[in-house]
Amino acid sequence: MLPIFKGSEVAAFLGRRRRRWSLQQQELRKTVEEILEAVRREGDAALRRLSRQLDGVEPQPLRMPAEYLQAAWRDLDPALQEAIDGAIARVRRFHEAQRPTSSWIEPEPGVLLGQRWTALGRVGVYAPGGKAAYPSSVWMSVIPAQVAGVLEIALASPPDPTTGRVHPLVAAVAWRLGLEEVYAVGGAQAIAALALGTDSIRAVDKIVGPGNAYVAAAKQLLYGQVGIDQIAGPSEIVVLADDTARADWVLADLLSQAEHDEQACAVLITPSEPLAQAVQRELWRRWPNLERRAILERSLRQQGACLVVEGLREAVAVSNELAPEHLQLYVADPWSVLPYVRHAGAVFLGPYSPEPIGDYWAGPSHVLPTGGSARFASGLSVWDFLKRSSVIAYDQEALARAAPFVIRLARAEGLPAHAEAVQARLTEPCP
């Protein structure tokens with residue numbers, strides 16, 4: 001059920017992984033383009049119609065009343081409220097340490113240069129639903145935006161199929177975070193509404209948050225009309241383990257991501273074939289008692305693997321090739337391996353740092369690059385909600401010193417008006 005690959009089979013597996021996500025995106029493109037165009041033409045009517053067709057329920061109503069959000073929080077078990085508050089506090093504390101400050105330098109007399117940070121004006125947050133509710137994605141996306149100083153945040157999440165409203169857990173967290181705009185709309189149509197605007201949903205400047213393949217494709221197609229955090233795909237974990245690892249703990253880490261959906265990817269990379277075999281035996285032992293077996297079977301069989309390699313050096317190289325969303329370093333000395341890890345969304349060190357501690361509690365956002373994009377992208381942070389403006393201030397004497405060089409460069413580029421904008425200030429100073 002969790003295939004073991006060795007030797008040349010490892011390279012073949014890596015090749016399949018590289019092709020998988022891009023092919024899926026191409027297959028979805030036409031369907032998603034039709035959804036985007038429908039929302040562009042019909043607005044709210046398209047959102048309701050597409051919800052009936054794709055989610056099996058019409059939003060009741062499209063925007064959640066404040067009373068519903070407040071009641072969702074009030075009705076939560078107090079122990080769950082305490083856990084949510086604890087997670088929110090830790091995530092907020094981590095991101096407050098990221099907040100940058102404007103900086104200035106005076107490279108020469110009469111010249112002041114700097115960079116000034118300003119927050120985005122309006123942001124859309126997507127919280128996935130469908131096979132499960134993900135209230136944690138709300139605080140992991142909203143808190144960095146709030147810390148950055150974003151004033152308007154609109155949350156979209158699929159309607160619950162039984163009520164037509166946002167899932168109560170998502171609604172409760174939204175209320176606790178102080179959100180006022182919460183919409184029961186999901187999928188590509190939610191991304192279209194946030195990007196393009198409808199009668200009920202004003203367009204935003206940027207859309208963040210994880211979602212399924214349709215959500216990812218919509219974000220990709222709308223990028224440019226709206227900013228996006230990343231084109232996130234199905235969840236991924238690589239457990240890089242040596243012969244000091246416990247097979248049952250390794251399996252637990254793999255299952256923690258494989259249970260998300262059928263496209264989730266869980267991979268063990270190890271130089272120990274006995275460990276790979278032990279993980280297989282442990283899976284068969286636990287299989288009859290596992291929940292979500294239908295999802296796990298497809299996920300592990302089609303996307304998962306145990307990759308047996310020659311040593312830790314090759315294990316790290318294979319992991320860097322995969323550039324996973326989550327990397328668990330379950331080895332004797334994880335700190336000695338960490339410097340060689342170049343590509344991973346988040347790295348979990350040692351046997352007592354399981355991936356779910358990052359999903360809910362530790363502090364960094366769990367909105368992370370997937371599909372190999374950790375080669376060039378980072379996890380969601382305060383910086384995703386800020387813009388940096390350069391600030392340049394010259395006085396009269398400083399401009400006079402620089403003018404001959406600027407005029408010479410402008411004329412060399414064939415831009416006489418550029419040169420004149422400088423020359424004019426030398427011949428006729430400002431009163």
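Predicted model: local features only at pLDDT ≥ 70, side-chain atom pairs only at ≥ 80, totals over all residues.
Residues are numbered from 1 along each chain as its sequence is written, and side-chain values use heavy atoms, with hydrogens and water left out.

**Salt bridges**

- A salt bridge is taken as a side-chain nitrogen of Lys or Arg within 4 Å of a carboxyl oxygen of Asp or Glu, and by this rule the count comes to 20 salt bridges.
- One of them joins the side chains of K6 and E273, with an N to O distance of 3.1 Å; this pair links distant parts of the chain, since K6 belongs to strand β1 (residues 4-6) and E273 to helix α10 (residues 273-286), 267 residues apart.
- Helices and strands are DSSP runs numbered from the N terminus, a helix being H or I over at least four residues and a strand being E over at least two.
- K6 counts as partly exposed because its relative accessibility is 38%, and E273 is likewise partly exposed, with a relative accessible area of 28%; here buried means under 20% relative accessible area, exposed means over 50%, and partly exposed lies in between, with a 1.4 Å probe and protein chains only.
- R176 and D85 also meet through their side chains in a salt bridge, at 2.9 Å from N to O, and this pair again links distant parts of the chain, with R176 in helix α6 (residues 168-176) and D85 in helix α4 (residues 78-96), 91 residues apart.
- R176 counts as partly exposed at 42% relative accessibility, as does D85 at 27%.
- E181 forms a salt bridge with R122, whose closest N and O atoms are 2.8 Å apart; E181 lies in strand β6 (residues 181-184) and R122 in strand β4 (residues 122-126), so the pair ties together parts that are 59 residues apart in sequence.
- E181 counts as buried at 13% relative accessibility, and R122 counts as buried at 4%.
- A network of salt bridges links E37, R40, R41, E42 and R49.

**Helix α8**

- Helix α8 (residues 213-222) is largely enclosed by the rest of the structure, because 8 of its 10 residues are buried.
- The buried residues of α8 are A213, V215, A216, A217, A218, K219, L221 and L222.
- N212 caps the N-terminal end of α8, where a side-chain oxygen lies 3.0 Å from the backbone nitrogen of Y214, and α8 is followed by G224, whose phi is positive, near 115°.

**Aromatic contacts**

- A search of the whole structure finds 3 aromatic pairs, where rings of Phe, Tyr and Trp (its six-membered ring) pair if their centres lie within 6.5 Å, planes under 30 degrees apart counting as stacked, over 60 as edge-to-face and the rest as tilted.
- Ring pairs link W249, Y330 and Y352 into a cluster.
- R165 lies over the face of Y68, at 4.9 Å from the ring centre, the rule being that NZ of Lys or CZ of Arg is within 6 Å of the ring centre and within 35 degrees of the ring normal.

**Helix α14**

- I357 is found in helix α14 (residues 355-360), and I357 counts as partly exposed because its relative accessible area is 38%.

Definitions and conventions: Polar contact = N/O pair within 3.5 Å; in protein donor to acceptor, adjacent residues only side chain to side chain.
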